[in-house]
Amino acid sequence: METNSVSKLFIFFFFMPLMFLHSQLVQCGVTYDKKALLINGQRRILISGSIHYPRSTPDMWEDLIRKAKDGGLDVIDTYVFWNVHEPTPGHYNFEGRYDLVRFIKTVQKVGLYVHLRIGPYVCAEWNFGGLPVWLKFVPGISFRTNNEPFKMAMQGFTQKIVQMMKSENLFASQGGPIILSQIENEYGPESKELGASGHAYMIWAAKMAVGLDTGVPWVMCKEDDAPDPVINACNGFYCDAFSANKPYKPRLWTEAWSGWFTEFGGTIHQRPVQDLAFAVARFIQNGGSFFNYYMYHGGTNFGRTAGGPFITTSYDYDAPIDEYGLLRQPKYGHLKELHKAIKLCEHALVSADPTVISLGGYQQAHVFSSGRGNCAAFLSNYNPKSSARVIFNNMHYDLPAWSISILPDCRTAIFNTARVGVHTSHMRMFPTNSKMHSWETYGEDISSLGNRGTMTAGGLLEQINITRDSSDYLWYMTSVNIDSSESFLKRGQTPTITVQSKGHAVHVFINGQYSGSAYGTRENRQFTYTGAANLRAGTNRISLLSVAVGLPNVGLHFETWKTGILGPVLLHGVDQGKRDLSWQKWSYQVGLKGEAMNLVSPNGVSSVEWVQGSLAAQGQQPLKWYKAYFDAPEGDEPLGLDLRSMGKGQAWINGQSIGRYWMAYAKGDCNLCSYSGTYRSPKCQLGCGHPTQRWYHVPRSWLKQTQNLLIVFEELGGDASKIALMKRAVKSVCADADEHHPTVENWHNESLSGSEKLHQASVHLQCAPGQSISKIEFASFGTPSGICGSFLKGTCHAPNSQAILEKNCIGQEKCSIPVSNDYFGEDPCPYVLKRLSVEAVCSPTATTTTQPDLTR
């Protein structure tokens, strides 16, 4: 068919953009050399952060990713969680929080890359390390070794994920955002323990992954033997001493730990941002080109996804974006400044190897010079106790202890890892206008145990073999006959019962009455319960509720580890001295009656007769279900459920599980924390003597305007009337900087003239969106001392400090004040280096009064 020239012209201009787009997609590629990853042929310094899609809600994803981008990130890193995607063999779930494709497309929409860590073993303090529990029951299986059943299952899931990504054109080779993929996870230590079978499995896994032809490099972290072309990578608090296993591979840091996880009964771990920035700068100055913060947003272990055991529902990880999606300052801001400084050095960093120059006993300069006028330097002071003044390029530089200064032009220090110039935010939980109403209760009927779904066996059975992890709970039930002639009955004495468990908790009931509880710990899951056994003449019913608190996520062949009551179970104080109940007939019942009736769902809640009336009159009883309704609170602040008045259990909102709760009190060493010196997780602890986790994240997207259903199952006994819905917001912000504080914004490189100008230092205050500065608690330009929350005026003080801050900041969401005599008028102390310290109160924009708060 012939077309006229106009038609030909139309066709040319219509299809030309499509042809160009297609050529762009085809040309998009990711390779590597010894210096860095190459994207479209260009070496890149890439800054990454971990955000795990199941640990937040789809409504949160875009906001989290945009905050990551604004924080200077290039890449979002996530694991793929096999057990949520394939809960039973061959049946897949990629809906809601598990919508992996939607998450990756959201990253692409925001304009960032993705590192997809398929694993499929992930560790991650996630239940069973991300492996599905059904895998444990595949005949002949042995996890993560040269075992055919495991390899077949692992390959099948890996292929499933890769094919899903390919079908959506999500690999960079197809024009998508995925530039890296990971196979296996932290396998090196296990490979060494397993010897030849471990090494063979590792080689097989690498070859299998490469054979999937994704068009992007594959990574193995903590695997020094990773075969070509797979890149080995480092995980840890520090990775500056790490080198790739071949001279033609780049140095990648897949997990720069921004903090540490939390376990029930343990303290909160914090990693000072000065040390984290120092660790990153050390890695970059030693030739590193890709680093990933684990975590950048930790999120929440909703449902029963927390592993460990005993890992908390909160997976906050002291990350730059907190569990609720709010910026953690100064960590977020200081790292953002670090990222800007590194990016200003990027061309020099990827073009040259560092020349190391000694500047003193603990001090060095790492100089990157491309020979084309590009020069960047990192000046380091490894002394953890003392600052140092060094001479570099005939100029003096002051280096605080345990710090690195970055000079993007080999002259101007624009950033120092130990000098924090961004504001500090203090977060608090505030009451909301939403109240719980219509409280009702339902008690698990201990007397009716055995009326549904029981099995019997001679002896004690392992818990997960029975429950298949369908519930945290398993009842162990048996009977004991006591002759009326027993001496303890005549003497009025009480025998004792001891129960040995492999974990993780047990609640003991004798003749339907609660006798006591016992728990293990993450370090020692095994424990022994010892308590009084109120036995009577005749048949006595012993019911033991064994409770799992997350399945193990790390350890050699953790699939073989035992959970539950494996005995012995002994009676002491009877006439025969000791009676061993371990090998008599036991009955088993999986889960709770309330679980079987699906009380947690809006549809199932009416399947039982709830008891109305005063909670106080009913008292605090174990194994009790609570039900209440509430309306969604005003505003858009993140929400958390205050469960301080409760003991241990689980909670649901509108049928969605917000996770396990436990008011276990933290034990640890909460002494003062210094940023300097090598960091390890025990170093900076908070929360001693308080519940490890008091507040539990409630995503706003789970709420309706009215009549939201709250269901709480309490194992021990608590006062549900004191449960409250709280909102998380900024209470106050602080800033503190001296006259000559270097900041990236204050350094401007004019590309046309090549000149640099050092601008004035400033302090910046910023409340959260929807808030404004309502009060200046402290302001002093001069020589103030102290830290945020306890600033003190010094001998030098500009008397108009408070007035100037109030004039410029009250009523504003954010403000910026120059640290300068020109701004504060007459110099309060000539020839003295001055600083400006400020503390401001943040309040909702509609009001200028602070609300009562509860301190964590």
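A disulfide is here a pair of cysteine sulfur atoms within 2.5 Å, and by this rule the count comes to eight disulfides. This is a predicted model, in which local features need pLDDT of at least 70 and side-chain atom pairs count only at pLDDT 80 or more, while totals for chains, interfaces and linings use all residues. Residues are numbered from 1 along each chain as its sequence is written, and side-chain values use heavy atoms, with hydrogens and water left out.

**View A. The disulfide between cysteine 796 and cysteine 829.** The sulfur atoms of cysteine 796 and cysteine 829 are 1.9 Å apart, and the torsion about their S-S bond is about -75°, so the disulfide is left-handed. Cysteine 796 lies in the loop between strand 43 and helix 15, and cysteine 829 in the loop between helix 16 (821-824) and strand 45 (835-844), so the pair ties together parts that are 33 residues apart in sequence. Helices (H or I, at least four residues) and strands (E, at least two) are DSSP runs, numbered from the N terminus. Cysteine 796 is buried at 5% relative accessibility, and cysteine 829 is buried with a relative accessible area of 9%, where buried means under 20% relative accessible area, exposed over 50%, and partly exposed in between (1.4 Å probe, protein chains only).

**View B. The disulfide that joins cysteine 734 to cysteine 788.** The S to S distance in this pair is 2.0 Å, and the torsion about the S-S bond of cysteine 734 and cysteine 788 is about 70°, so this disulfide is right-handed. Cysteine 734 belongs to strand 39 (residues 724-738), whereas cysteine 788 is in the loop between strand 43 (771-782) and helix 15 (801-809), so the pair ties together parts that are 54 residues apart in sequence. Both cysteine 734 and cysteine 788 are buried.

**View C. The disulfide between cysteine 234 and cysteine 239.** Here the sulfur atoms of cysteine 234 and cysteine 239 are 2.0 Å apart, and a torsion of about -75° about their S-S bond makes the disulfide left-handed. Cysteine 234 is buried, with a relative accessible area of 12%, and cysteine 239 also counts as buried, at 2% relative accessibility.

View D. Cysteine 345 counts as buried, at 1% relative accessibility.
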